[in-house]
Amino acid sequence: MSCADSNPATIPTPCVDIQGDGRWMSLHNRFVSDSKDKEPDVLFVGDSLVQLLQQFEVWRDLFSPLHALNFGVGGDATQHVLWRLSNGELDHISPKVVVLWVGTNNHGHTPEQICEGIIAIARLISNKLLHAHTLILGLLPRGEIPNTLRDRNAKVNELLQQAVPSLPRASYLSVDRGFVQSNGKISHQDMYDYLHLTPQGYHNVCKPVHDAITHLLEKRGEN
(Lines give C-alpha, C1' and ligand atoms only; values in the text may rest on other atoms or scores of the structure.)
Protein backbone atom coordinates (compact mmCIF):
# COMPACT_ATOMS: atom_id res chain seq x y z
CA MET A 1 0.00 0.00 0.00
CA SER A 2 1.41 3.37 -0.99
CA CYS A 3 1.49 6.48 1.19
CA ALA A 4 -1.31 8.01 -0.84
CA ASP A 5 -3.46 4.89 -0.43
CA SER A 6 -3.07 5.04 3.33
CA ASN A 7 -4.04 8.70 3.46
CA PRO A 8 -7.77 8.97 4.33
CA ALA A 9 -7.91 12.44 2.75
CA THR A 10 -7.16 10.92 -0.68
CA ILE A 11 -9.55 7.95 -0.57
CA PRO A 12 -12.91 8.74 -2.24
CA THR A 13 -15.48 8.28 0.51
CA PRO A 14 -19.21 9.10 0.61
CA CYS A 15 -20.29 11.16 3.60
CA VAL A 16 -21.75 9.08 6.42
CA ASP A 17 -25.46 9.89 6.82
CA ILE A 18 -25.27 10.54 10.56
CA GLN A 19 -28.49 12.57 10.65
CA GLY A 20 -30.43 9.98 8.70
CA ASP A 21 -32.10 12.31 6.20
CA GLY A 22 -30.11 11.34 3.12
CA ARG A 23 -29.37 15.01 2.46
CA TRP A 24 -25.78 14.57 1.27
CA MET A 25 -26.62 11.90 -1.29
CA SER A 26 -29.68 13.86 -2.41
CA LEU A 27 -27.47 16.88 -3.12
CA HIS A 28 -24.99 14.72 -5.01
CA ASN A 29 -27.76 13.25 -7.14
CA ARG A 30 -29.10 16.73 -7.86
CA PHE A 31 -25.65 17.89 -8.97
CA VAL A 32 -25.37 14.91 -11.32
CA SER A 33 -28.78 15.81 -12.73
CA ASP A 34 -27.80 19.49 -13.04
CA SER A 35 -24.67 18.51 -14.93
CA LYS A 36 -26.82 16.86 -17.59
CA ASP A 37 -29.01 19.93 -18.09
CA LYS A 38 -26.54 22.82 -17.87
CA GLU A 39 -23.42 23.96 -19.69
CA PRO A 40 -21.36 25.99 -17.20
CA ASP A 41 -18.22 27.85 -18.16
CA VAL A 42 -17.21 27.94 -14.48
CA LEU A 43 -17.75 25.28 -11.82
CA PHE A 44 -17.33 25.86 -8.10
CA VAL A 45 -16.64 22.73 -6.03
CA GLY A 46 -16.10 22.42 -2.28
CA ASP A 47 -17.64 22.67 1.16
CA SER A 48 -20.04 25.09 2.88
CA LEU A 49 -17.96 28.13 1.96
CA VAL A 50 -18.74 27.28 -1.67
CA GLN A 51 -22.32 26.18 -1.02
CA LEU A 52 -23.31 29.32 0.92
CA LEU A 53 -21.71 31.62 -1.64
CA GLN A 54 -24.66 31.30 -3.99
CA GLN A 55 -27.00 32.71 -1.33
CA PHE A 56 -25.27 36.10 -1.43
CA GLU A 57 -25.50 38.99 -3.84
CA VAL A 58 -21.86 38.60 -4.77
CA TRP A 59 -22.73 35.33 -6.51
CA ARG A 60 -25.42 36.99 -8.61
CA ASP A 61 -23.23 40.03 -9.31
CA LEU A 62 -19.90 38.36 -10.08
CA PHE A 63 -20.34 34.70 -10.89
CA SER A 64 -23.80 34.13 -12.40
CA PRO A 65 -22.85 36.31 -15.41
CA LEU A 66 -19.92 33.93 -16.00
CA HIS A 67 -22.33 30.97 -16.36
CA ALA A 68 -21.20 29.46 -13.07
CA LEU A 69 -22.51 26.32 -11.41
CA ASN A 70 -22.17 25.62 -7.68
CA PHE A 71 -21.42 22.08 -6.43
CA GLY A 72 -20.69 22.97 -2.79
CA VAL A 73 -21.83 20.79 0.13
CA GLY A 74 -21.61 21.86 3.75
CA GLY A 75 -19.27 19.75 5.86
CA ASP A 76 -17.44 18.16 2.94
CA ALA A 77 -13.80 17.18 3.35
CA THR A 78 -11.44 16.28 0.51
CA GLN A 79 -12.39 12.59 0.50
CA HIS A 80 -16.07 13.47 0.10
CA VAL A 81 -15.41 15.78 -2.86
CA LEU A 82 -13.25 13.08 -4.42
CA TRP A 83 -16.13 10.62 -4.18
CA ARG A 84 -18.66 13.07 -5.63
CA LEU A 85 -16.47 14.00 -8.58
CA SER A 86 -15.61 10.34 -9.21
CA ASN A 87 -19.29 9.42 -9.32
CA GLY A 88 -20.92 11.47 -12.01
CA GLU A 89 -20.70 15.17 -11.14
CA LEU A 90 -18.15 15.87 -13.88
CA ASP A 91 -19.34 13.40 -16.47
CA HIS A 92 -21.64 15.63 -18.54
CA ILE A 93 -20.08 19.11 -18.34
CA SER A 94 -17.06 20.84 -19.84
CA PRO A 95 -16.34 23.96 -17.80
CA LYS A 96 -13.39 26.11 -18.76
CA VAL A 97 -12.50 26.87 -15.12
CA VAL A 98 -13.07 24.82 -11.96
CA VAL A 99 -12.74 26.66 -8.65
CA LEU A 100 -11.80 24.23 -5.87
CA TRP A 101 -12.17 25.28 -2.23
CA VAL A 102 -12.04 22.48 0.33
CA GLY A 103 -9.92 21.20 3.22
CA THR A 104 -10.93 23.11 6.33
CA ASN A 105 -13.26 20.24 7.36
CA ASN A 106 -10.54 17.57 7.23
CA HIS A 107 -10.47 17.19 10.99
CA GLY A 108 -7.97 14.69 12.33
CA HIS A 109 -5.82 14.90 9.23
CA THR A 110 -2.34 16.40 9.05
CA PRO A 111 -1.53 19.37 6.80
CA GLU A 112 0.40 17.01 4.54
CA GLN A 113 -2.59 14.67 4.24
CA ILE A 114 -4.96 17.54 3.50
CA CYS A 115 -2.66 18.97 0.86
CA GLU A 116 -2.42 15.54 -0.78
CA GLY A 117 -6.22 15.30 -0.72
CA ILE A 118 -6.61 18.66 -2.47
CA ILE A 119 -3.95 17.73 -5.03
CA ALA A 120 -5.74 14.41 -5.64
CA ILE A 121 -8.95 16.31 -6.45
CA ALA A 122 -7.08 18.63 -8.81
CA ARG A 123 -5.56 15.62 -10.60
CA LEU A 124 -8.98 13.99 -10.89
CA ILE A 125 -10.42 17.18 -12.40
CA SER A 126 -7.48 17.35 -14.82
CA ASN A 127 -8.04 13.75 -15.90
CA LYS A 128 -11.79 14.10 -16.36
CA LEU A 129 -11.90 17.63 -17.80
CA LEU A 130 -9.07 17.75 -20.30
CA HIS A 131 -9.52 21.42 -21.19
CA ALA A 132 -10.36 22.92 -17.79
CA HIS A 133 -8.09 25.01 -15.60
CA THR A 134 -8.37 24.33 -11.86
CA LEU A 135 -8.12 27.36 -9.58
CA ILE A 136 -7.28 26.11 -6.07
CA LEU A 137 -8.22 28.57 -3.33
CA GLY A 138 -6.18 28.68 -0.14
CA LEU A 139 -7.82 27.79 3.16
CA LEU A 140 -9.00 30.65 5.33
CA PRO A 141 -7.97 31.16 8.96
CA ARG A 142 -10.66 30.13 11.45
CA GLY A 143 -11.55 30.66 15.10
CA GLU A 144 -11.84 34.00 16.90
CA ILE A 145 -8.41 33.63 18.51
CA PRO A 146 -5.24 31.75 17.47
CA ASN A 147 -5.77 27.98 17.56
CA THR A 148 -4.40 24.71 16.20
CA LEU A 149 -6.83 24.52 13.25
CA ARG A 150 -5.78 27.98 12.13
CA ASP A 151 -2.14 26.85 12.27
CA ARG A 152 -3.02 23.68 10.36
CA ASN A 153 -4.78 25.61 7.57
CA ALA A 154 -1.82 27.98 7.23
CA LYS A 155 0.52 25.00 6.85
CA VAL A 156 -1.77 23.46 4.21
CA ASN A 157 -1.54 26.69 2.24
CA GLU A 158 2.26 26.64 2.42
CA LEU A 159 2.31 23.08 1.10
CA LEU A 160 -0.17 23.89 -1.66
CA GLN A 161 1.94 26.78 -2.90
CA GLN A 162 4.83 24.35 -3.28
CA ALA A 163 2.82 21.53 -4.86
CA VAL A 164 0.40 23.25 -7.26
CA PRO A 165 2.97 24.53 -9.79
CA SER A 166 3.77 20.92 -10.73
CA LEU A 167 0.13 20.20 -11.65
CA PRO A 168 -1.17 20.46 -15.21
CA ARG A 169 -3.57 23.36 -15.85
CA ALA A 170 -3.82 24.45 -12.23
CA SER A 171 -2.96 27.47 -10.11
CA TYR A 172 -3.17 28.51 -6.48
CA LEU A 173 -4.83 31.68 -5.19
CA SER A 174 -4.66 33.01 -1.64
CA VAL A 175 -8.02 34.47 -0.60
CA ASP A 176 -7.08 35.59 2.91
CA ARG A 177 -7.61 39.35 2.74
CA GLY A 178 -6.14 40.06 6.16
CA PHE A 179 -8.91 38.43 8.19
CA VAL A 180 -6.60 38.04 11.20
CA GLN A 181 -6.25 41.42 12.89
CA SER A 182 -3.13 42.77 14.58
CA ASN A 183 -4.35 41.40 17.93
CA GLY A 184 -4.62 37.89 16.48
CA LYS A 185 -8.42 37.90 16.41
CA ILE A 186 -10.89 37.44 13.56
CA SER A 187 -13.83 39.85 13.49
CA HIS A 188 -17.39 38.53 13.48
CA GLN A 189 -18.04 41.21 10.85
CA ASP A 190 -15.94 39.13 8.44
CA MET A 191 -16.85 35.65 9.71
CA TYR A 192 -20.06 35.58 11.72
CA ASP A 193 -19.18 32.30 13.45
CA TYR A 194 -15.42 32.63 12.93
CA LEU A 195 -15.58 30.09 10.09
CA HIS A 196 -18.28 31.12 7.60
CA LEU A 197 -18.14 34.43 5.79
CA THR A 198 -20.46 37.40 6.15
CA PRO A 199 -21.51 39.36 3.03
CA GLN A 200 -18.57 41.68 3.76
CA GLY A 201 -16.21 38.71 4.07
CA TYR A 202 -17.43 37.18 0.81
CA HIS A 203 -17.01 40.50 -0.97
CA ASN A 204 -13.38 40.69 0.14
CA VAL A 205 -12.70 37.12 -0.98
CA CYS A 206 -14.66 37.06 -4.22
CA LYS A 207 -13.26 40.10 -6.00
CA PRO A 208 -9.79 38.53 -6.49
CA VAL A 209 -11.42 35.19 -7.33
CA HIS A 210 -13.53 36.88 -9.99
CA ASP A 211 -10.46 38.67 -11.38
CA ALA A 212 -8.56 35.38 -11.58
CA ILE A 213 -11.45 33.56 -13.30
CA THR A 214 -11.94 36.39 -15.78
CA HIS A 215 -8.23 36.33 -16.63
CA LEU A 216 -8.32 32.57 -17.20
CA LEU A 217 -11.43 32.83 -19.40
CA GLU A 218 -9.82 35.59 -21.43
CA LYS A 219 -6.71 33.46 -21.95
CA ARG A 220 -8.92 30.61 -23.12
CA GLY A 221 -10.59 32.96 -25.58
CA GLU A 222 -7.22 33.92 -27.04
CA ASN A 223 -6.21 30.33 -27.70
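Guide: Gladly! Let's start with strand β2, where A68, N70 and G72 point one way, L69 and F71 point the other way, and all are buried. Buried means under 20% relative accessible area, exposed over 50%, and partly exposed in between, using a 1.4 Å probe and protein chains only. This is a predicted model, in which local features need pLDDT of at least 70 and side-chain atom pairs count only at pLDDT 80 or more, while totals for chains, interfaces and linings use all residues. Residues are numbered from 1 along each chain as its sequence is written, and side-chain values use heavy atoms, with hydrogens and water left out.

Visitor: Why do side chains point two ways along a strand?

Guide: In a regular strand the side chains alternate between the two faces of the sheet. In β2, five of the five residues are buried, so this strand is largely enclosed by the rest of the structure.

Visitor: How are helices and strands assigned, and what makes two strands a pair?

Guide: Both are DSSP runs numbered from the N terminus: helices are H or I with at least four residues, strands are E with at least two. Two strands pair if DSSP finds at least two bridges between them. Here β1 and β2 run parallel, joined by five bridges, and V45 stands opposite F71 in β2.

Visitor: Which strands pair with β4?

Guide: Strand β3 (residues 97–101) pairs with β4 in the parallel sense over four bridges, with V99 opposite L135 in β4. Between them, the chain crosses from β3 through helix α5 (residues 111–128) to β4 in a right-handed β-α-β crossover. Right-handed means that, with the strands pointing away from the viewer, the path from the first strand over the helix to the second runs clockwise. Strand β5 (residues 170–173) also pairs with β4 in the parallel sense, over four bridges, and A170 in β5 is the bridge partner of T134. The crossover from β4 through helix α6 (residues 148–163) to β5 is right-handed too.

Visitor: Are the faces of β4 covered or uncovered?

Guide: Both are covered: H133, L135 and L137 on one side and T134 and I136 on the other are all buried.

Visitor: What covers the buried residues of α4?

Guide: Ten of the twelve residues of α4 (residues 78–89) are buried, so this helix is largely enclosed by the rest of the structure. Among the buried ones are W83 and R84. Their cover, judged by contact (heavy atoms within 4.5 Å), includes α1 (23–37), β1 (42–46), β2 (68–72) and α5.
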